[in-house]
Amino acid sequence: MAPDARPPVAFLKGVTKTYGEGAAKVHALRGVDLTVREGEFVAIMGPSGSGKSTLLHILGCMDVPSEGDVEIDGVAVPRQSDSERTRLRSERIGFVFQSFHLLRDLTVRENLELPQVYLRRKEGKRLPTPEELIARVRLPAALLDRHPTQISGGEAQRVAIARALANSPSLLLGDEPTGNLDTTNSDAVMRIFDHLSKEGATIVLVTHNPEVAEHAQRVVRVGDGRIVREERKGPSEPERPASTTGGAA
Ligand SMILES: Nc1ncnc2c1ncn2[C@@H]1O[C@H](COP(=O)(O)OP(=O)(O)O)[C@@H](O)[C@H]1O
Ligand SMILES: [Mg+2]
């Protein structure tokens, strides 16, 4: 299927975000239109303070716009109800943070099981096991019984990616996912995103690093709360059979 014919996973129209009041008012986003289609790998770049994290948090249903529309998988993200938005997020979004955000008192296995507690109760459908999740980020199952303090930063971020895959998300998001890693670990993490992208995952990463953005098929440049430029790289069709576009599952 041609990239433009694939269904949108995220659709943003006229999105603005302001923080604060009066003289302290900050316009973090000043009117963003953005469509991310199934199977796309997008990098968001731009200077510090330009609104990248705000945009990613809105894509991830962690925050709501001041104005404008947001749809994830064709579902309008509710602005009033926090619980509905939290549910949409827990069912459809995977989020990877710069500083991993693993719970250090839990084992890797327990960290991977955590996002599923709510989901398993809710849907009763089979979700990936910790063994399956750790294999998807190409780490050995022996790591499951360690604690986050007993693994390297690169391994911790791969565990965090595995955790983000626990709900088989429609959209996998990362805010500077390699920002705390050295080159070797950063490369290992980016190979995982590449691999997930080839499997059909829809990915949006915020990054300062042009080498990270190189992995994406599309680079969206943000400046002062607006999208100022977009670049698409060929070949536009990723190398995978058309029948395996079913998201990150
Ligand atoms: N919770 C907040 N309260 C007030 N201002 C904020 C908040 N979050 C972000 N901002 C401001 O919004 C602007 C955009 O921030 P952000 O989206 O974090 O940019 P980036 O990720 O590109 O560095 C900045 O001026 C920032 O200071
Ligand atoms: Mg940021």
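Visitor: What makes strand E9 (residues 218-223) largely enclosed by the rest of the structure?

Guide: Set the residues of E9 against the cut-offs. Buried means under 20% relative accessible area, exposed means over 50%, and partly exposed lies in between, with a 1.4 Å probe and protein chains only. In E9, 5 of the 6 residues are buried, so the strand is largely enclosed.

Visitor: What sort of model is this, and how is it numbered?

Guide: It is a predicted model: local features need pLDDT of at least 70 and side-chain atom pairs count only at pLDDT 80 or more, while totals for chains, interfaces and linings use all residues. Residues are numbered from 1 along each chain as its sequence is written, chains are lettered from A and ligands numbered from 1 in the order in which they are written, and side-chain values use heavy atoms, with hydrogens and water left out.

Visitor: How many helices and strands are there, and what makes a run of residues count as one?

Guide: The protein has 8 helices and 10 strands. Both are DSSP runs numbered from the N terminus: helices are H or I with at least four residues, strands are E with at least two. Buried residues make up 49% of the 249 residues.

Visitor: Back to E9. How do you know which strands pair with E9?

Guide: Count the bridges. Two strands pair if DSSP finds at least two bridges between them. Strand E3 (residues 41-45) and E9 have 4, in the parallel sense. E9 and strand E10 (residues 226-232) have 6, in the antiparallel sense. In E9, Val-219 is the bridge partner of Ala-43. Arg-221 stands opposite Arg-229 in E10.

Visitor: What stands out in the hairpin of E9 and E10?

Guide: It has 2 residues between the strands, and Asp-224 takes a positive phi near 50 degrees.

Visitor: Why are E2 and E5 called edge strands?

Guide: Start with the order. 4 strands form an open, antiparallel sheet, E2-E1-E4-E5. Strand E2 (26-37) and strand E5 (75-76) each have a single partner strand, so one side of each is left without a neighbour in the sheet. Further in, strand E1 (residues 8-19) is joined to strand E4 (residues 67-72) by 5 bridges. One bridge partner in E4 is Glu-67, which faces Thr-16.

Visitor: What packs on that sheet?

Guide: Helix H1 (residues 52-59) touches E1, E2 and E4, and its direction makes about 130 degrees with that of E1.

Visitor: What class does Met-62 fall into by accessibility?

Guide: Met-62 lies in the loop between H1 and E4. At 25% relative accessibility, it counts as partly exposed. Its contacts, leaving aside neighbours within four places in sequence, are His-57, Arg-85, Arg-89, Phe-95 and Phe-97. The C-alpha atoms of Met-62 and Arg-89 are 7.3 Å apart, with the residues 27 apart along the chain.

Visitor: Why is H6 called roughly parallel to H7?

Guide: The axes of helix H6 (residues 153-164) and helix H7 (residues 183-198) come within 8 Å and cross at roughly 20 degrees. That makes H6 roughly parallel to H7. Angles under 35 degrees count as roughly parallel, over 145 as roughly antiparallel, 65 to 115 as roughly perpendicular, and the rest as oblique. Axes are lines fitted to C-alpha atoms, for helices over the stretch in contact, and angles run from 0 to 180 degrees between N-to-C directions.

Visitor: Which residues of H6 and H7 meet?

Guide: Gly-154, Gln-157, Arg-158 and Ile-161 in H6 meet Asn-185, Ala-188, Val-189, Ile-192, Phe-193 and Leu-196 in H7.

Visitor: What is the phi of Phe-100 and of His-101?

Guide: Phe-100 has a positive phi near 70 degrees and is not a glycine. His-101, also a residue other than glycine, has a positive phi of about 55 degrees. Phe-100 lies in the loop between strand E6 (93-96) and helix H3 (108-113), and His-101 is in the loop between E6 and H3. Phe-100 counts as buried at 16% relative accessibility, whereas His-101 counts as partly exposed at 42%.

Note on methods:
Contact = heavy atoms within 4.5 Å.
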